[in-house]
Amino acid sequence: MEFVHLKDLRASCFEPLDVISKHESKDGLYFYRSTKDVATHFFFDKITKGTYVLEYDVRINNSGNFNDGISTLQSMYAPEFSANSKNSIIKVTK
C-alpha cells in the first residue's frame, strides 16, 4: 500500500511523552509521526505486506474508567480503503 494514514486516538487519561513530530523507522517501516491533542498520526509512503507494531510512551494523568480511542488506517488517495480497531475500556486505579 502507498500513501497511508494511521490515526491512533488516545484515551483522555493518557498524555504522550514525546510530542515532537519527526520521521522515524522501525523494522524496515519508514513513517512520519505527528502528535496532536487527541491523537497520534502516522503517515507512510509505503507499507509492504506484513505485521507491524508501532509503540509510543504515554503518561497516565487521571484515574478512573476511560474509553480508549480507535485506530483508523486509511489510504490518503482512495479513502474508501480503510480499517478500524476495536474500542476498549481502560481502568486506572491509584
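Predicted model: local features only at pLDDT ≥ 70, side-chain atom pairs only at ≥ 80, totals over all residues.
I begin with the charged residues. Side chains of opposite charge can pair when their charged atoms come close. The structure holds four salt bridges, and a network of such bridges links Asp18, Lys22, Glu24 and Arg33.

Aspartate 18 bridges to lysine 22, with the closest N and O atoms 2.9 Å apart. Aspartate 18 also meets arginine 33 in a salt bridge, at 2.7 Å from N to O. Because aspartate 18 sits in the loop between β2 (14–16) and β3 (22–26) while arginine 33 belongs to strand β4, this pair ties together parts that are 15 residues apart in sequence. Arginine 33 has a further salt bridge with glutamate 24, at 2.9 Å from N to O.

Partly exposed are lysine 22 at 32%, aspartate 18 at 28% and glutamate 24 at 24%.

I turn now to the nonpolar residues. The largest nonpolar core has seven members: Val4, Leu6, Leu29, Phe31, Phe42, Phe44 and Ile47. A second, separate core of six residues includes Ala11, Cys13, Phe14 and Ile90. Leaving aside neighbours within four places in sequence, phenylalanine 31 has contacts that include Lys22, Glu24, Phe42, Phe44 and Leu54.

Finally, glutamate 55 lies in the loop between β5 (39–46) and β6 (58–60). Its relative accessibility is 62%, so glutamate 55 counts as exposed.

Conventions: Residues numbered from 1 in each chain as written. Heavy atoms only, no water. Helix = DSSP H or I, 4+ residues; strand = E, 2+ residues; numbered from the N terminus. Buried < 20%, exposed > 50% of the residue type's maximum accessible area, 1.4 Å probe, protein only. Core = buried A, V, L, I, M, F, W, Y, C linked by side-chain atoms within 4.5 Å. Contact = heavy atoms within 4.5 Å. Salt bridge = Lys/Arg side-chain N within 4 Å of Asp/Glu carboxyl O.
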